[in-house]
Amino acid sequence: MKQQILTSDECPFGCNSSESALHLAVLCPRSALIFQYLGLDVSNVQDMRDLFTDGKVVIAPNKKNVWVVVLVAILWNIWLARNRKVFDDRNIPHIVVARQCTETLKLWSSRLKKNERQAADQWIED
Ligand SMILES: [Zn+2]
């Protein structure tokens with residue numbers, strides 16, 4: 001809307017909410033479904049910083065050291081799916097977006113340190 005591509009700040013997924021970063025990331029029912037499908041409870045998240053801090057999202061200790069990488073992979077795919085909806089009017093199902101998060105993490109894990117790669121593999125496996 002700021003760049004005058006859209007005429008309204010409404011969420012493109014039709015949930016009748018204003019689209020903010022927090023809404024797109026976790027508050028939109030569609031994003032919540034993606035996190036839920038990935039086994040992550042984001043219901044306690046009140047702002048974007050909460051997502052990045054320990055305790056707001058329950059994470060197994062053996063997977064914590066790559067949480068930020070996993071989170072960015074999820075947010076990146078939510079963003080890509082949002083743009084497909086906005087620019088191509090294509091609705092990518094939440095299950096497909098969740099699978100794309102896994103594929104992104106697989107791709108990115110090759111650039112991680114060994115101990116981080118092991119944690120990323122655990123995320124992918126689970
Ligand atoms: Zn929404």
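This is a predicted model: local features need pLDDT of at least 70, side-chain atom pairs count only at pLDDT 80 or more; totals for chains, interfaces and linings use all residues.
Okay, a quick definition before we start: a helix here is a DSSP run of H or I, at least four residues long, and helices are numbered from the N terminus.

If you want a distance to check on your screen, take Gly 39 and Leu 51: they're 12 residues apart in sequence, and C-alpha to C-alpha they're 14 Å apart in space.

Now, the zinc. Which residues donate to the zinc ion? There's Cys 11, Cys 15 and Cys 28, each through SG, plus His 23 through NE2. Those protein donors lie 2.1 to 2.4 Å from the zinc ion. What about the geometry of the site? The site of the zinc ion is tetrahedral, with 4 donor atoms and angles of 98 to 126 degrees among them. For those of you who like to read the sequence, the spacing of the donor residues is C-x3-C-x7-H-x4-C.

Cys 11 comes out at 5% relative accessibility, so Cys 11 counts as buried.

While we're on cysteines: how many disulfides does the structure hold? The count is 0. Take Cys 101, which is in no disulfide; the nearest cysteine sulfur belongs to Cys 28, and that's 14 Å away. Cys 101 is also buried, because its relative accessibility is 4%.

Next, some backbone. As a reminder, most residues other than glycine have a negative phi. Asn 16 has phi near 60 degrees, and Asn 16 isn't glycine. Asn 16 lies in the segment before helix H1, which is 21-27. Is Asn 16 buried or exposed? At 65% relative accessibility, Asn 16 counts as exposed.

The other one is Asp 89, with phi near 50 degrees, again positive and again not a glycine. Asp 89 is in the loop between H4 and helix H5, the latter being 94-109. With 56% relative accessibility, Asp 89 counts as exposed.

On to charges. Side chains of opposite charge can pair when their charged atoms come close. How many salt bridges does a search of the whole structure find? It finds 6, and I'll walk you through some of them.

Start with Arg 82 and Glu 19, where the closest N and O atoms are 2.9 Å apart. That pair links distant parts of the chain: Arg 82 is in helix H4, Glu 19 is in the segment before H1, and they're 63 residues apart. Arg 82 is at 8% relative accessibility, so we call Arg 82 buried.

Then there's Asp 126 with Lys 63, a salt bridge at 2.9 Å, N to O. Asp 126 is in the segment after helix H6, residues 114-125, and Lys 63 is in the loop between helix H3, 48-52, and H4, so this pair ties together parts 63 residues apart in sequence. What I like here is how the two partners are classed. Asp 126 is exposed because its relative accessibility is 62%, while Lys 63 is buried because its relative accessible area is 9%.

For a local example, look at Lys 106 and Glu 103, whose side chains meet in a salt bridge at 3.4 Å, N to O. Both lie in helix H5, 3 residues apart, which is about one turn of the helix. Lys 106, at 40% relative accessibility, counts as partly exposed, and Glu 103, at 47%, is partly exposed too.

Last stop, the surface. Which residues form a nonpolar patch there? Phe 52, Val 68 and Val 72 do, and together they have about 220 Å² of accessible area. Val 68 is in helix H4, residues 67-88. Since Val 68 has 44% relative accessibility, Val 68 counts as partly exposed.

That's my tour, thanks everyone.

Note on methods
Residues are numbered from 1 along each chain as its sequence is written. Side-chain values use heavy atoms; hydrogens and water are left out. Patches are made of residues with over 30% relative accessible area and no salt bridge: like charges are joined within 9 Å, nonpolar side chains (Val, Leu, Ile, Met, Phe, Trp, Tyr) within 5 Å. Accessible areas come from the Shrake-Rupley method with a 1.4 Å probe; for residues, only the protein chains shown count as cover. A salt bridge is a side-chain nitrogen of Lys or Arg within 4 Å of a carboxyl oxygen of Asp or Glu. Helices (H or I, at least four residues) and strands (E, at least two) are DSSP runs, numbered from the N terminus. Buried means under 20% relative accessible area, exposed over 50%, partly exposed in between (1.4 Å probe, protein chains only). Donors are N, O and S atoms within 2.8 Å of the metal (3.2 Å for Na, K and Ca); water is not among the atoms, so sites may look incomplete. Four donors count as tetrahedral if all angles lie between 85 and 135 degrees; four count as square planar and six as octahedral if opposite donors are over 155 degrees apart and all others between 65 and 115; anything else is irregular. A disulfide is a pair of cysteine sulfur atoms within 2.5 Å.
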